Amino acid sequence: MSLATMTSAITTTSDTPARWQDYLQLLKPRVMSLVVFTGATGLVCAKAPIHPLIGAVAVLCIAVGAGASGALNMWYDADIDAKMRRTRGRPVPAGRIQGAEALSMGVILSMLSVMFMGVAVNWLAAGLLAFTIFFYAVVYTMWLKRWTAQNIVIGGLAGALPPVIGWAAAAGEVPLNAWLLCAIIFMWTPAHFWALALYSSEDYEKAGVPMMPVVAGPASTRRQIFIYSLLFVPICLVPAFTGLGGLPYLAVAGAGGLVFLILAWRVMRSRAGDSADPRLDGRLYDVRAGARDARNLFAFSILYLTLIFATLLVEAVLGLPTFLNLIPGGL
């Protein structure tokens with residue numbers, strides 16, 4: 001980003017005063033909700049003794065940290081957001097919030113979330129939270145997103161770390177099962193975001209963002225989605241064999257994974273991304289006929305990730321036996 005562009009982003013003004021909804025949007029509430037959900041799942045699945053109030057504080061810190069990351073992302077990406085139909089209505093490019101406000105909000109919330117996590121919970125969780133914010137705001141937003149088509153593959157680590165943070169908050173350590181939850185989200189990210197990119201590629205191309213369909217083309221992207229799906233689904237089954245998930249989890253992960261693979265196969269066989277429809281004006285789920293398979297995979301990927309984490313959460317809350325405990329003599 002040039003100095004002129006950064007200055008423009010910081011000094012953007014508008015005659016329309018910002019409302020509280022604009023400041024909420026600055027925190028990317030939809031992304032925050034997923035982060036809070038996976039973070040809380042990690043905290044509960046740790047099955048460590050933690051006071052409910054401390055647990056609530058930990059989840060709040062994760063939420064604030066996620067919001068801080070979103071504000072920093074919207075500040076820095078104001079120039080490319082203004083060029084994309086899907087994002088041009090965001091508060092900073094639309095001029096409802098000045099870039100300097102978004103930057104200040106992001107920095108202050110980052111410091112508050114990390115310091116409060118350290119003082120009230122533990123410093124391992126605080127350190128992981130600080131790293132996650134830095135990775136998303138600096139490594140992904142300022143570097144990877146504009147530099148490489150592997151941006152969301154590598155950058156997906158930021159979105160994958162919340163369950164590790166939650167686990168560390170509860171247990172003060174991060175064992176294999178905590179990183180397994182991280183691996184599930186990390187491997188979920190490419191198929192999820194590339195499916196979206198297939199029917200939004202004209203936006204990314206206009207903004208100069210090297211997303212995979214823009215750099216490698218739609219056909220290559222469709223093949224890579226299927227390859228990553230073949231790697232992702234088996235990883236989702238692993239928690240049942242590490243003492244983390246139970247029989248309900250194995251059933252949900254298995255059945256949902258089969259649907260995921262079918263949808264990914266249909267994307268690979270489709271012509272999604274080969275053409276765009278400017279009449280859709282960037283609406284997230286309205287796509288032309290050729291891109292519906294990509295849209296369906298994108299939508300189902302959210303549902304699938306939610307279901308497997310929700311199942312783990314319910315099993316942990318109810319104290320249900322793990323799959324290994326149901327096998328006589330173990331494995």
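A: Start with a definition. A salt bridge is a side-chain nitrogen of Lys or Arg within 4 Å of a carboxyl oxygen of Asp or Glu. Side chains of opposite charge can pair when their charged atoms come close.

Now the part itself. Asp 77, Asp 79, Lys 145 and Arg 146 are joined in a network of salt bridges. Keep in mind that the model is predicted.

Look at one pair in this network. Arg 146 bonds to Asp 79 in a salt bridge, and their closest N and O atoms are 2.9 Å apart. Arg 146 sits in helix H7, which covers residues 123–147. Asp 79 sits in helix H5, which covers residues 78–81.

Asp 79 has 18%, so Asp 79 is buried. Arg 146 has 24%, so Arg 146 counts as partly exposed.

Next, step past helix H5. Arg 85 lies in the loop between H5 and H6. The side chain of Arg 85 meets that of Glu 202 in a salt bridge, at 2.6 Å from N to O. Glu 202 belongs to helix H11, residues 201–207. The partners are 117 residues apart in sequence, so the pair ties those parts together. Arg 85 counts as buried because its relative accessibility is 14%.

A third pair lies further along the sequence. Asp 274 and Arg 222 form a salt bridge, with closest N and O atoms 3.2 Å apart. Arg 222 is in helix H13, residues 218–237. Asp 274 is in the loop between helix H14 (247–269) and helix H15 (292–318). This pair ties together parts 52 residues apart in sequence. The cover again differs by partner. Arg 222 is buried because its relative accessibility is 7%. Asp 274 has 35%, so Asp 274 is partly exposed.

By the salt-bridge rule, the count comes to ten. The pairs above are among them.

Now set these pairs in the whole chain. The chain has 15 helices and zero strands. Of its 331 residues, 52% are buried. Take the contacts with a separation of 6 or more: residues 24 or more positions apart account for 76% of them.

Val 107 lies in helix H6, residues 99–120. Val 107 counts as partly exposed because its relative accessibility is 36%.

Last, how confident is the prediction? The chain averages a pLDDT of 90, and 89% of the residues score at least 70. Confidence is highest in helix H9 (residues 162–171), at a mean of 98. Confidence is lowest in helix H1 (residues 3–11), at 40. Over residues 1–15 the pLDDT stays under 50, and the model has 23 contacts beyond four places in sequence for this stretch. Residues 278–282 are also below 50, with eight contacts beyond near neighbours in sequence.

Conventions:
Residues numbered from 1 in each chain as written. Predicted model: local features only at pLDDT ≥ 70, side-chain atom pairs only at ≥ 80, totals over all residues. Heavy atoms only, no water. Helix = DSSP H or I, 4+ residues; strand = E, 2+ residues; numbered from the N terminus. Buried < 20%, exposed > 50% of the residue type's maximum accessible area, 1.4 Å probe, protein only. Contact = heavy atoms within 4.5 Å. pLDDT = per-residue confidence, 0-100.
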